[in-house]
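Visitor: I should like to go through this structure with you, step by step. May we begin?

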There are 2 protein chains.
Amino acid sequence: MKLKSTQLYEARAKVAKALAHPSRLLMLDALAEKELCVCDLTDLVGADQSTVSKHLAVLKNAGIVADRRDGVMIFYRLKVGCLSGFWKCVEGVLRQNLKEQQAVMKSAS
Amino acid sequence: MKLKSTQLYEARAKVAKALAHPSRLLMLDALAEKELCVCDLTDLVGADQSTVSKHLAVLKNAGIVADRRDGVMIFYRLKVGCLSGFWKCVEGVLRQNLKEQQAVMKSAS
DNA sequence: CAGATATATGGTATATTTGCCATATAGCCA
DNA sequence: TGGCTATATGGCAAATATACCATATATCTG
């Protein structure tokens, strides 16, 4: 039971780690629209191609995206559909947190 | 617009980073039930108290939990309600990925 | 096959994260 | 106030993540 739990949280952490970089999040947002090749994503992120390739490997290894070869190009697509809803919820909470902080600041002044 | 986007993805990454550790995820799961003091969470995680305290600081700084003092003890509670639903969705996708991989293995054997 | 293009991988320097120890801070109670 | 308990913080060493360069691999095309 303890081992099982450990594995569960490590699996979740692997996904969270894959999401824990601005460039990867930018790419995921773009991929939510349509599949894109590495060249598109490299342009989008504005980093070295090898850097983008490694970011994509992280996402793929976490099971968040999948890839498909078409000739010389490799297209990546999103496999997890719950990201946009999740961020919407999280950002709602953070906005609320901010409001509460501002209220505290105001009452203290 | 570019700056705004960068800030958005950095804000999201901060939340994802806070989620990117098995011990923190274990604590968040426990906090989904009810608020807990640092001592409870230290027992749960089984790490040094200072380590747990720092993990909690990460979660608090990301806006995922809030704390409340009651005498000598400090109770933490979850502020973000969308975590369990998110993990449920993610784990569904990962299970599906696994099935597909197994199907590939089978057809290749 | 040779050359060109798209992508991945190895190597390495730098930055960040993590965990524990020691210690500081804060509240409770005698 | 002094001692006790709960929690937080500073410091440091080890582990991990990140970015870029150089280069390897794979595919297409002539």
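The questions below concern a helix, a DNA strand and a sheet.

Guide: This is a predicted model, in which local features need pLDDT of at least 70, side-chain atom pairs count only at pLDDT 80 or more, and totals for chains, interfaces and linings use all residues. Residues are numbered from 1 along each chain as its sequence is written, chains are lettered from A and ligands numbered from 1 in the order in which they are written, and side-chain values use heavy atoms, with hydrogens and water left out.

Visitor: How far apart are the end C-alpha atoms of helix 4 of chain A?

Guide: Helices (H or I, at least four residues) and strands (E, at least two) are DSSP runs, numbered from the N terminus. The expected span is 1.5 Å times one less than the number of residues. Helix 4 of chain A has 13 residues, 49–61, so it should span 18 Å, and the end C-alpha atoms agree with this, being apart by 18 Å.

Visitor: Which residues of helix 4 of chain A are buried?

Guide: Buried means under 20% relative accessible area, exposed over 50%, and partly exposed in between (1.4 Å probe, protein chains only). On the face turned away from the buried side, helix 4 of chain A carries the exposed K54(A) and N61(A). The buried residues of this helix are V52(A), H55(A), L56(A) and L59(A).

Visitor: Within what arc do the buried residues of helix 4 of chain A fall?

Guide: The arc is that of the directions from the helix axis to the C-beta atoms. Seen down the axis of helix 4 of chain A, the buried residues line one face, because they fall within an arc of 100 degrees.

Visitor: Which residues come nearest to DNA strand D?

Guide: A residue is near a strand if one of its heavy atoms lies within 4 Å of it. Of the 24 residues around DNA strand D, those that come nearest are H55(A), S50(B), S53(B), K54(B) and Y76(B).

Visitor: How far is a base nitrogen of DNA strand D from an N or O atom in the side chain of S50(A)?

Guide: A phosphate oxygen of DNA strand D lies 3.3 Å from a side-chain N or O atom of R24(A). For the base nitrogen and the side chain of S50(A), the distance is 2.8 Å.

Visitor: In what order do the three strands of the open sheet of chain B stand?

Guide: Strand 1 (36–37) and strand 2 (65–70) of chain B stand at the edges, each with a single partner strand, so one side of each has no neighbour in the sheet. The pairing is antiparallel, and the order is 1-3-2.

Methods: Polar contact = N/O pair within 3.5 Å; in protein donor to acceptor, adjacent residues only side chain to side chain. Pairing = 2+ DSSP bridges.
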